[in-house]
Amino acid sequence: MNIGEVRPYGDRMNDGAIQISFSLPVPVSARSIEAVKLIAARMGMNNIRLVHAQDMGNNFSFYILYGAINISVDLQAIHVPEVELQLFDFWEINDLIRREFKRKVVVIGATIGADAHTVGLDAIISAKGFGGESGLERYPELEVFNLGAQVPPELVVEYSKKIHADVVLVSQVVTQRNVHLFNLSLLAELLEAEKLRDKLILICGGPYINAQVALETGFDAGFGPGTTPLQVASFIVHELMKRKMRKK
Amino acid sequence: MKLNISQEQANACRQIAKEVALEIQRDIAPLSTVSVERAILRLLGIEGEKEKIPYVNILVDNLKEQKALEEGVLYWIANACLNTGLSPQDVALKVVSGSLNPVHLSRKSFQEVKNKAEELATESLSRLYKKKKAREALKQSFPPSLPPLLYVIVATGNIYDDIAQAKTAAEQGADCVAVIRSTAQSLLDYVPEGITTEGFGGTFATQANYRLMRQALDEVAQKVSRYIYQVNYCSGLCMAEIAVLAILEGLDIMVNDAFYGILFRDLNMYRTMVDQHFSRYLLGLFDVIITTGEDNLIKTVDAFKEYSIVLVSQFINEQLAQQAGMKKDLIGLGHAAELDPKIPDSLLWELTQAQLVRQLFPRSPVKFMPPTRYKTGNIFFAHVLDALFNLVAVWTDQRIVLLGMPTEALHTPYVQDRFLSLESALHIRNASRSFSRELQFIRNGQADKRACELLTQAVETLMKIREVGIWNALSRGVFSQIKREKRGGRGYEGVFKKGKFYLNPFLDKKIVMQARRRAV
């Protein structure tokens, strides 16, 4: 096998075979069939075989086609950047915690300061979750306490002490006069003063939150819009493992 | 096809669930909520919004601020109508504009206020009964749908795109179309107004959107000569209000679960129980089918070992709905298998569980939910899982089947995803239609054993719930290990104790009868 020149494979080496299917917002007709072939041709397909064309009602139609493409890639020339966060799946995360830590990981979530927006926090934490993924509450090996909105940073500190939290998740939506930076830094400082900072994984999230914000405010990670519960859970597990290794 | 299960055990489940439901009923009877009060205002025909805040919210908040909500909104509205001679809507307009304070008007005798309230309630209900009759007549004009009803979801975020997708689905053979709501709408303590074209993972449930979808489905029904059922979600902090909107706009099926909000949305348990009771009461009056969400209970626990929690929740949901006055044939209990396909005989267990639910609740229009947990980006294998699910659904004679999508794990369905899914379901509905009458489980075989085991577990869990009390059970994680505090969760501040002049004649059988007669 020449990995300098890899092509799609159907049943013979280098045949370039591919299959595609899609819909058009018009009924099937001689013209629509030609249109589909034209689309395929413009995609670079040759030997186009339209194997299925069907009306789907309300002027939509569905097509399946086969063909070949004359594209090859050099696998050696591909350099994949180091993946920053390797995602685990739901089951892996729970298994890892069970195996590596032999206890539940305690997570606190809150929107701090005057901020009353909890949509982001809920998307990550509440059982229903976001984007088809379960929220952190649904992970049997995570024990989650959702403190809700407008929680003073002092209370987060007090609560983390009380329940021996491993992770603190903070959501900030309001950014007027950089109030989010103020709130986040304050929390990090308070935790530091209580000598809790190193025992905790501190994570912030929100529409204007990113890695830079996390760095500036003394957090371990900052997640922006579109983040899913799985990404947060994966980060938590990675970070816990990293810290465990360091201790050894 | 029948499983050989113990009737005594089934009866025991029902009896214990009834006691649990009665405990709930006893504790919520003295309570009302802001959502129930807003539902009453909507029943009176009050509509409109000011600066994005619905009138019904402004009215309820106004009374709450004046510490006058304990008497209930109807007391104050009826008293205001008596004082001013205005309609409830005109009273509302004046309160919203600040030109009338209902609490400052002279208070008529309680009997006078009560009579007026009853008159308003009778008028409102008879208006709704007239609408219901018209819808029934429309439904009757079509041939009865083939079982099971095929249920699909649209979720574009834009009501106009939803309509295009819904009409297409109907032409492809769907019987029921549900519009998924925008993410976290259930956490809003008000119902947004107007036609909406922006949503997150779904489309906002508003009265205007309901109306547009209703028109579209009635139109396409004529084209395909089949009645198309409109489905939406009667859940979250506005459960009771949404029930009113559904009745007003002629929806057929509402997803409505007594526990879902508490467990999966962290809504306060008292708030949810009060709201579900009034919402179910209203939906029951107007023959709207409810469907419950037990499929959620087994999505993150071991679905094989812990399946019996589905039965537990179904028994309690059934009793709660019955106590709200619903007939059994309106109580669509939900279930799913969500079994790991790698388990040997997973299909047999799926078949057994589906049959067990059907047998335990023979009159319920049960809603069977598709596999989702073990679907990946392999859309071809997902299609196989769905085909097997469809087979089980038809074989066990389920009533409503939510169709799985090959792209379940990827995105909200493309038009061709729904098409392929319906094509498969139509084929299987036709190809295996007589299975339930022609095939039989071996007596005392593996299926019978599994069914008995599950029923035994359900009895045990129900007994445990009865022993500690339902509120404690919810705070101790009996349901899928999720723990909720009694006073915790959203919406607790909206729960209040009814005062001595509290009025809600909508609950009065006499008034309902009168309204029904008047609508003839």
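Which residue in β8(A) does A:Gly205 stand opposite?

**Entry 1: ground rules**

I am working with a predicted model, where local features need pLDDT of at least 70, side-chain atom pairs count only at pLDDT 80 or more, and totals for chains, interfaces and linings use all residues. Residues are numbered from 1 along each chain as its sequence is written, and chains are lettered from A and ligands numbered from 1 in the order in which they are written.

**Entry 2: the sheet of chain A**

I looked up A:Gly205 and found A:Phe223 of β8(A) opposite. Helices (H or I, at least four residues) and strands (E, at least two) are DSSP runs, numbered from the N terminus. Strand β7 of chain A covers residues 201-205 and is joined to β8(A) by three bridges, running parallel. Two strands count as paired if DSSP finds at least two bridges between them.

I then traced the whole sheet. It is open, has five strands and runs β5-β4-β6-β7-β8 in chain A, with parallel pairing. β5 (142-146) and β8 (221-223) of chain A are at the edges with a single partner strand each, so one side of each has no neighbour in the sheet. The twist averages 20° from one strand to the next. Angles run from 0 to 180 degrees between N-to-C directions, and axes are lines fitted to C-alpha atoms, for helices over the stretch in contact.

**Entry 3: domains and a loop in chain A**

I checked the domain assignment of chain A, which gives domain 1 (1-79) and domain 2 (90-230). Such bounds come from an automatic or database domain assignment. The C-alpha centres of these two domains of chain A lie 45 Å apart.

I also stopped at A:Asn58. It is not a glycine, yet its phi is positive, about 50°. A:Asn58 sits in the loop between β2 and β3 of chain A.

**Entry 4: where A touches B**

How many residues does the contact take from chain A and from chain B? I read 20 residues from chain A and 20 residues from chain B. Two residues are in contact if their C-beta atoms, placed from the backbone, lie within 7 Å. On the side of chain A that touches chain B, the elements giving two or more residues are β1 (17-24), β2 (45-57), β3 (60-69) and α3 (119-125) of chain A. α3(A) gives the largest share of that side, three residues. By class, that side of chain A has eight nonpolar, eight polar and four charged residues. Ala, Val, Leu, Ile, Met, Phe, Trp, Tyr, Cys and Pro count as nonpolar, Asp, Glu, Lys and Arg as charged, and the others, Gly among them, as polar.

**Entry 5: the sheet of chain B**

I followed nine strands in an open sheet of chain B, ordered β9-β8-β7-β6-β5-β4-β12-β11-β10, with parallel pairing. The edge strands are β9 (331-332) and β10 (334-336) of chain B, each pairing on one side only. Inside the order, strand β5 (residues 176-179) and strand β6 (residues 229-233) of chain B run parallel and are joined by three bridges. There, B:Ala178 stands opposite B:Val231 in β6(B).

Next I looked at the loop between α6 (110-140) and β4 of chain B, which holds B:Pro148. The peptide bond from B:Pro147 to B:Pro148 is cis, with omega near -15°.

**Entry 6: helix packing in chain B**

Helix α7 (residues 159-172) of chain B lies across β4 (149-154) and β5 of chain B, at about 155° to β4(B). α7(B) also packs against helix α8 (residues 207-224) of chain B at an angle of about 25°, axes 10 Å apart. These two, α7(B) and α8(B), are therefore roughly parallel. Angles under 35 degrees count as roughly parallel, over 145 as roughly antiparallel, 65 to 115 as roughly perpendicular and the rest as oblique. The contact of α7(B) with α8(B) has ten nonpolar, one polar and three charged residues.

I compared two other pairs. Helix α3 (residues 55-65) and helix α5 (residues 88-97) of chain B pack at about 70°, axes 10 Å apart, and are therefore roughly perpendicular. In α3(B), B:Tyr55, B:Ile58, B:Leu59 and B:Asn62 meet B:Ala92, B:Val95 and B:Val96 in α5(B). That contact of α3(B) with α5(B) has six nonpolar, one polar and no charged residues.

Helix α1 (residues 7-28) and helix α12 (residues 308-323) of chain B pack at about 55°, axes 8 Å apart. α1(B) and α12(B) are therefore oblique to each other.
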